[in-house]
Amino acid sequence: MKRVFSSFNLQIVHHAKNLLAAEGIRAVVKNEILSSAMGELPPAECQAELWVLNERDAARAEAVLSRKETADPGWTCGCGEVLGGQFTQCWSCGAYRP
Ligand SMILES: [Zn+2]
């Protein structure tokens, strides 16, 4: 087991876990309960943490997470369709990305 990510925001940690799952990397969230005990424990010990089950996945996991953080967040077409950053054209109305 190796820690690859931590945050006070539990939702972000779960999001990171999902990103890893999409890459086939198994991970678990630790300190999920502690993060709700903020104010009673030293903050540094209250961060939710993401651990990969297999240490061999750690480097890849960190690469995935750093890539996602800087990834194109996508765009919203004039027709209201929300598209991923990899698309340059709306699949709904055919408009090109502004
Ligand atoms: Zn559109």
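## Pairing and the sheet

Two strands count as paired here if DSSP finds at least two bridges between them. With that in hand, this predicted model shows an open sheet of three strands in the order β1-β3-β2, with antiparallel pairing. The edge strands are β1 (2–7) and β2 (27–30), each of which pairs on one side only. From one strand to the next, the twist averages 25°.

Now for the two pairings, taken one at a time. β1 and β3 (residues 48–52) run antiparallel and are joined by five bridges; on this side, Lys2 stands opposite Val52 of β3. β2 and β3 also pair in the antiparallel sense, over four bridges. Here Val28 has Trp51 of β3 as its bridge partner, and Val29 stands opposite Leu50 of β3.

## The whole chain

Stepping back, the chain holds two helices and five strands. Read along the sequence, they follow the pattern β-α-β-β-α-β-β. Of the 98 residues of the chain, 30% count as buried. Take the contacts between residues at least 6 apart in sequence: 47% of them join residues at least 24 apart.

How confident is the predictor? The mean pLDDT of the chain is 84, and 83% of the residues reach 70 or more. Confidence is lowest in α2, at a mean of 81, and highest in β2, at 94.

β3 is largely enclosed by the rest of the structure, because five of its five residues are buried. Ala48, Leu50 and Val52 point one way from β3, while Glu49 and Trp51 point the other way, and all are buried. In general, the side chains of a regular strand alternate between the two faces of the sheet.

On β2, the covered face carries Ala27 and Val29, and the uncovered one carries Val28 and Lys30. Helix α1 (residues 10–22) lies across β1, β2 and β3, and runs at about 15° to β3.

## Two loop residues worth a look

Asn31 sits in the loop between β2 and β3. Its phi is positive, at about 65°, although Asn31 is not a glycine. For context, most residues other than glycine have a negative phi. Is Asn31 buried or partly exposed? With a relative accessible area of 24%, Asn31 is partly exposed, since the cut-off for buried is under 20%.

Asp57 lies in the loop between β3 and α2 (58–70). Asp57 counts as buried because its relative accessibility is 16%. Which residues does it touch, leaving aside its neighbours within four places in sequence? Asp57 is in contact with Ile25 and Val52. That Val52 is the β3 residue that Lys2 stands opposite.

## The zinc site

Which residues coordinate the zinc ion? The donors are the SG atoms of Cys77, Cys79, Cys90 and Cys93, at 2.2 to 2.3 Å. Along the chain, they follow the spacing C-x1-C-x10-C-x2-C. Cys79 and Cys93 link distant parts of the chain: Cys79 is in the loop between β4 (75–76) and β5 (82–83), Cys93 is in the segment after β5, and the two are 14 residues apart.

What about the geometry? The four donor atoms subtend angles of 103 to 115° around the zinc ion, which makes the arrangement tetrahedral. The cut-off behind that call is that all angles lie between 85 and 135 degrees.

Terms used. Residues are numbered from 1 along each chain as its sequence is written. This is a predicted model: local features need pLDDT of at least 70, side-chain atom pairs count only at pLDDT 80 or more; totals for chains, interfaces and linings use all residues. Side-chain values use heavy atoms; hydrogens and water are left out. Axes are lines fitted to C-alpha atoms, for helices over the stretch in contact, and angles run from 0 to 180 degrees between N-to-C directions. Contact means heavy atoms within 4.5 Å. Donors are N, O and S atoms within 2.8 Å of the metal (3.2 Å for Na, K and Ca); water is not among the atoms, so sites may look incomplete. Four donors count as tetrahedral if all angles lie between 85 and 135 degrees; four count as square planar and six as octahedral if opposite donors are over 155 degrees apart and all others between 65 and 115; anything else is irregular. Buried means under 20% relative accessible area, exposed over 50%, partly exposed in between (1.4 Å probe, protein chains only). pLDDT is the predictor's confidence in each residue, from 0 to 100.
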